[in-house]
Amino acid sequence: MNDYSELFYTIGAMLVFALFTVSSGRSFRATTDQIIRSDVEFRTITNAQNEIEHIRLITDDTELDSTSSNYYFRTFPHVKTVEYGRNHEFSEDIILKGHSYFLDETPLVRRYKVSVTAESKAVVPKIQSTVEFIKTIRK
Amino acid sequence: MNVGLLTSFLVAGLMTLSIYSFNRSVNENTREAISGSNNLERLSEVAELLSNDFNKIGFRAPVNPINTFSAEELRFVGDVYNNDNFDTTSVRWFWDLNDPVTATSNPNDFYLKRTGPVSESTLGEIKIPVTYFHIKYYAGDGSITTERRNIRKLEVELVFESGEPYRYKADDTPVFYRTVWKRIFLPSNINLLF
């Protein structure tokens with residue numbers, strides 16, 4: 001009978017060890033996932049900022065008017081493929097969305113609120129980052 | 001033959017292998033997490049510094065503030081900090097492929113050097129290990145340009161890798177944690193609006 005009890009103790013210990021291993025693995029995976037998500041989020045913010053850079057230099061009101069044929073966001077949303085690396089060995093698809101609307105005006109300027117959202121489906125759940133900008137145009 | 005003894009040795013062997021495998025997995029995951037976290041922190045700091053500098057190209061500077069430019073180097077003048085003792089200074093970003101990082105085992109990293117104001121009253125050099133640094137220069141119509149006076153847009157690309165590998169492939173090739181970043185700058189002072 002002693003042999004059987006030793007066997008049970010051994011099986012019990014192995015089960016405990018297996019549970020501990022699985023639990024540790026899950027914890028590490030959660031940490032790694034979080035780091036990867038932070039990485040992807042940083043890049044989505046950067047891509048949204050890149051669009052805002054172009055909008056900063058707009059001087060024509062029609063580019064911020066959603067009813068105009070010259071509207072900057074008339075082709076949005078669209079997918080932009082961004083390539084990285086010396087030989088473009090890495091690439092990422094970013095979905096860009098954007099819109100602008102009129103805020104107010106003074107005798108000298110008109111102000112618009114511009115919003116750009118960059119979305120990445122490289123991770124699940126997807127990551128979205130929105131950057132907003134107040135654009136002032138001289139009359 | 002003592003079956004019990006044999007079984008014990010087998011079980012002990014399996015347990016030893018399991019513990020060894022688990023320990024190795026823990027080490028790899030820990031190294032990956034630390035490498036990733038460090039990379040992101042370094043990228044954040046460099047992105048902030050580089051963005052501050054590049055947005056100030058030509059600020060309070062004469063016309064044609066860009067002095068030297070290439071895929072791995074940019075030298076320009078501008079007042080990059082409002083609260084220091086310097087007015088317009090020369091700032092240089094240069095990826096020196098003749099200066100490899102010897103403190104790490106990564107063979108791909110070289111020093112990215114930034115020369116300019118490092119404090120209120122000091123000019124100096126900051127060295128950052130990166131594995132790729134590249135600048136593209138565009139004219140006002142979006143085409144790539146090689147004329148200094150026509151530069152209106154800059155596209156900067158950075159690739160960071162961890163200094164040490166976080167794991168090895170089956171063929172003993174080291175794997176380094178990699179972070180990439182690409183940013184566009186249209187400095188106001190070379191894109192005069194008014």
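Predicted model: local features only at pLDDT ≥ 70, side-chain atom pairs only at ≥ 80, totals over all residues.
Local features here need pLDDT of at least 70 and side-chain atom pairs count only at pLDDT 80 or more, while totals for chains, interfaces and linings use all residues; side-chain values use heavy atoms, without hydrogens and water. Residues are numbered from 1 along each chain as its sequence is written, with chains lettered from A and ligands numbered from 1 in the order in which they are written.

**View 1. Lys80(A) and Glu51(A) form a salt bridge.** A salt bridge here is a side-chain nitrogen of Lys or Arg within 4 Å of a carboxyl oxygen of Asp or Glu, and the structure holds 21 of them over all chains. In this pair, the closest N and O atoms are 4.0 Å apart. Lys80(A) is partly exposed at 25% relative accessible area, whereas Glu51(A) is buried at 8% (buried means under 20% relative accessible area, exposed over 50%, partly exposed in between, with a 1.4 Å probe and protein chains only).

**View 2. Lys126(A) meets Glu119(A) in a salt bridge.** The N to O distance is 3.7 Å.

**View 3. Asp53(B) pairs with Arg114(B) in a salt bridge.** Here the closest N and O atoms lie 2.8 Å apart.

**View 4. Salt bridges link four side chains of chain A in a network.** The members to find are Asp61(A), Glu105(A), Arg110(A) and Lys139(A).
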